[in-house]
Amino acid sequence: MSHKITVLPGDGIGPEIMDETLRLLEWIVERDPQLDLIWEEFPIGGASLEQYDKPLLPEVLKAAKNSSAILLGAVGDPRWDDLPVNRRPEAALLNLRKQCGLYANLRPARIYSELVESSPLKNHRAAGADLVIVRELTGGIYFSLPRGIEGTGEHRRGFNTLSYTREEVVRITEVAVEIARQRSGKITSIDKANVLESSKLWREVVTETVPDDIQLNHLYVDNAAMQLVLDPCQFDVIVTGNMFGDILSDIASQISGSIGLLPSASLRDGALGMYEPVHGSAPDIAGTGMANPLAMILSLAMAFRYSLDAVGWADKIEKAVDQVIASGKRTADLARDNEPALNTTEIGQAVRERLQQMEEI
Ligand code: NAD
């Protein structure tokens, strides 16, 4: 089956990590005659503002909607920080997610046993942690209306609305159930049902949607934040709303020791998915060769798994990354004092060499 991929490198380290990922994609396509993949690259975020004075062009949105997978590097740069919210690079991302209906954000976070020393958690707490956060991505307080800032001077008031419909909660819960079935069959739903009506509905609907063969428990978000650092191994699949998921997934990202290792997928019903690292455009290291491309490469693996009908390549890429880390190769974000660090290109090449060795066995 033929698949189109829309490639959006973006800003800062985005193009650097995307180059390495496309090298890997080319390498795979050259070796697998069964894969029928074509890809096209477009600017997004600051790169698009610079060329076209808009963070997301309508033709780019159209191409994205007509593809099976969107690969996104990262957007954002301090140069654009003073623009109004709807013109900033980040607006492109929110728009893309909303317009493509990508309502389910999957963020796996795990500790590689060889990197347990890189985790800010004590070894005995971090060892064995392996979880997925399923975050609702197109509803909740980031999108509900009304919103705004009104009044003048001392009487100004900023306001947002947090609302969830039953349907929105059902569909994200169903995604979590599907993921839980592929893992240990356990879901933790996170809300603030002791204070918020939207969370009360969330909890009721999650409870009635999760089938009996899945183990379900509920936590309030404040307790969940504490539990994630106290005992991350208690979690397998977490399902939660947009803002709670945003915050909790950044906490979870630290378990692994570097944000440069964490991929994500944003899915809807049907094939289309957007695949991007959890991290941002890291302007502080852009152009230095220090960017870790593994989160982007693992995002490509997720694209193979969820959108490109090639689970075999997803497994192989993940295994190759495991082996590269196990062999002691490190980028600067992972290297400990005095450990030599590979640059973006060298670690990308190490992944391809591992895959080559796997193919030869
Ligand atoms: P960031 O994730 O870009 O960087 C945080 C820290 O992690 C920095 O020290 C950076 O050097 C490091 N880091 C990030 N990715 C790395 C990688 N692959 N390898 C090695 N080190 C890495 O977050 P920030 O500094 O808060 O934001 C920078 C810009 O990115 C902002 O404009 C922000 O709005 C944007 N942003 C974009 C996205 C996205 O595109 N999805 C997500 C978050 C932030």
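The model is predicted: local features need pLDDT of at least 70 and side-chain atom pairs count only at pLDDT 80 or more, while totals for chains, interfaces and linings use all residues. Residues are numbered from 1 along each chain as its sequence is written, and side-chain values use heavy atoms, with hydrogens and water left out.

The protein has 12 helices and 12 strands. These are DSSP runs, numbered from the N terminus (helices: H or I, at least four residues; strands: E, at least two). Along the principal axes, the C-alpha trace spans about 60 × 50 × 45 Å. The radius of gyration, taken over C-alpha atoms, is 20 Å. This agrees with a compact globule of 361 residues, because such a globule would have a value near 21 Å. The globule rule is 2.2 Å times the number of residues to the power 0.38.

Of the 361 residues, 52% are buried (under 20% relative accessible area, 1.4 Å probe, protein chains only). Among contacts (heavy atoms within 4.5 Å) with a separation of 6 or more, 74% join residues 24 or more positions apart.

An automatic or database assignment sets the domain bounds. Domain 1 covers 1-103 + 262-361, and domain 2 covers 120-255. Their C-alpha centres lie 25 Å apart. Domain 1 gives 10 residues to the contact and domain 2 gives 12 residues.

Conventions:
Buried < 20%, exposed > 50% of the residue type's maximum accessible area, 1.4 Å probe, protein only.
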